[in-house]
Amino acid sequence: MTTLTQAPPSPANDKAAEGWPFWSILIVDDEPGMRNFLVKTLVPRCHSVMSAGSAEEGAEILRDQHVDLIILDISLPGRNGVSWLKELREQGFTGQVILITAFADLDTAIEALRAGASDFILKPFRVPQILNAVKHCHENSRLARENYVLKHTLSARQDTGSRLIGHSAVMRQLSQSLERVAAVNSTVLLQGESGTGKELVAHMLHHSSPRAQGPFVPVNCASMSPELIESELFGHAKGAFTGAIKARDGLFYYAQGGTLFLDEVADLPLPLQATLLRALEDLKIRPVGSEKLLPVNVRIIAATNRSLVEEVAAGRFRKDLYYRLQVVEITLPPLREHKEDIADLVRHFMAQLAPVLGVAPLDITPAEMDYLMQYDWPGNARELRNLIERSLILGTLNVSALYAQGHRASPTPSAPHQERRTTDLQTLERLHICTILDSVQGDKTRAAQLLGISRRTLERRCAEWAVT
């Protein structure tokens, strides 16, 4: 007999204190008394508890339902538990499995662990024993998710700190807005130019939210292959496409109980936008090649340096998805609009980078700071950070990198105001970008890295100025 039992509605935080509020558990045992005992024990602590009297009934449930943990009796009518577990692992089941039995020896235990069991318990057992086993499985699953997230993000992440830097009115207002938004669970859309700190803000929202103990999973939609991005986000079943030799969970699953940060969301292909919209509306995802719907509990923070209103008007972004993401919209100001924070940012980056590079901080003269204040910073805070890093390596503030060599005399500390009179900021920006491009023989990818802006932003600038 197959049954599905869900716990009565209660706040997730209350359930989290005593159990596993996002987990689904399947109990497979041919003894009705044991099934009832386990169901009554686990229902108050889990998202849902299902039970079946045989491996065949359990297989029927798994065809339609996502399961995080199976509590499986070895001695079942028909197919026994160990042989079914081997088959499940071969089919790509990645969840945790606790094997239970009243008759076991050392050989049976070894066979069970080789088949892929997470734990092994002898009947009869008490409530604390099974709860400790489930807790152990939950911890293993959590560590595996955290390890995957770390591998996914560590190579790409650049730590820029965990707080906003600056005391300008613009930054104070932004801080107040973030404090209010962090407390709620609503979807957030961050807009702003490249380098304004959208990922930093997303981190702040997560760590100041009730989900702070959950994972923060960043996804750069622009850097992922259009052919694989759906699998990366939602996971896939074994054999879903060429090369899918085993099933794999997606980043939505790894963000369970936490925050999924979709950076450069404007770059999502249109077909995937429809899939994402459905996931946000239903709070369920369907792995590629699977018929199962997996319930998810994540907060979505999306970001883009392009105007989604313009993308919608051009037919490149779905209007309904835009409105679904735009529950709370925050636009991050470019650095040129709060230049009074440049001195604070310079001190912050200097203190952050000097110990990492193993060099002494630089003394910035008032004249050099004046040059920094003149510049328009097309790459925003990221470009300023890159300048400070280069300067620490060279041992002197690399002011000349902001001004074109050969087009006019390089600025000197004795004449900052003369430079401001003769060159407007837009011209400075163009000449600086052209100089960087010349220095790398036109390599736009390398130039964008040195400038602290995305290659797409650089290409738009070059197209505006007819620069090849």
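## Close-up views of a predicted chain

**Figure 1. The whole chain in outline.** The chain has 20 helices and 13 strands, where helices (H or I, at least four residues) and strands (E, at least two) are DSSP runs, numbered from the N terminus. This is a predicted model, in which local features need pLDDT of at least 70 and side-chain atom pairs count only at pLDDT 80 or more, while totals for chains, interfaces and linings use all residues. Residues are numbered from 1 along each chain as its sequence is written, and side-chain values use heavy atoms, with hydrogens and water left out. Of the 468 residues in the chain, 52% are buried; buried means under 20% relative accessible area, exposed means over 50%, and partly exposed lies in between (1.4 Å probe, protein chains only). The accessible surface of the chain comes to about 22500 Å², and carbon and sulfur atoms hold 52% of that surface; such areas come from the Shrake-Rupley method with a 1.4 Å probe, and for residues only the protein chains shown count as cover. Among the contacts in the chain with a separation of 6 or more, 73% are between residues 24 or more positions apart, a contact being heavy atoms within 4.5 Å.

**Figure 2. Strand β12 and the strands beside it.** Strand β12 covers residues 299–304, and six of its six residues are buried. Arg299, Ile301 and Ala303 lie on one side of β12, with Ile300, Ala302 and Thr304 on the other, and both faces are covered. Strand β7 runs parallel to β12 and is joined to it by four bridges; two strands pair if DSSP finds at least two bridges between them. In this pairing, Val188 has Ile301 of β12 as its bridge partner. Strand β9 (residues 259–263) also runs parallel to β12, and four bridges join the two, with Thr259 having Arg299 as its bridge partner in β12.

**Figure 3. Gln191 in strand β7.** Gln191 has its place in strand β7 and counts as buried because its relative accessible area is 11%. The side chain of Gln191 reaches the backbone nitrogen of Leu308 at 3.4 Å; this is a polar contact, meaning a pair of N or O atoms within 3.5 Å, of which, within protein, one must be able to donate a hydrogen and the other to accept it, and for which residues adjacent in sequence count only if both atoms are side-chain atoms. When neighbours within four places in sequence are left aside, the residues in contact with Gln191 include Lys198, Thr304, Arg306, Glu329 and Leu332.

Figure 4. A polar atom of the Thr196 side chain lies 2.7 Å from the backbone oxygen of Glu193. Not counting residues up to four places away in sequence, Thr196 touches Leu332, Pro333, Pro334 and Asn380.

**Figure 5. A nonpolar patch on the surface.** Val356, Leu357, Val359 and Ile393 form a nonpolar patch with about 350 Å² of accessible area together. Patches are made of residues with over 30% relative accessible area and no salt bridge, with like charges joined within 9 Å and nonpolar side chains (Val, Leu, Ile, Met, Phe, Trp, Tyr) within 5 Å; a salt bridge is a side-chain nitrogen of Lys or Arg within 4 Å of a carboxyl oxygen of Asp or Glu. Ile393 belongs to helix α16 (residues 380–394), and Ile393 is classed as exposed because its relative accessible area is 59%.

Figure 6. Most residues other than glycine have a negative phi, and most peptide bonds are trans. Lys123 and Pro124 are joined by a cis peptide bond, with omega about -5°, and Pro124 is placed in the loop between β6 (119–122) and α6 (127–154). Glu264, although not a glycine, has a positive phi of about 55°; Glu264 lies in the loop between β9 and α11 (270–282) and is counted as buried because its relative accessibility is 12%. Leu283, which is not a glycine, has a positive phi of about 55° and is found in the loop between α11 and β10 (284–285). With a relative accessible area of 46%, Leu283 is partly exposed.
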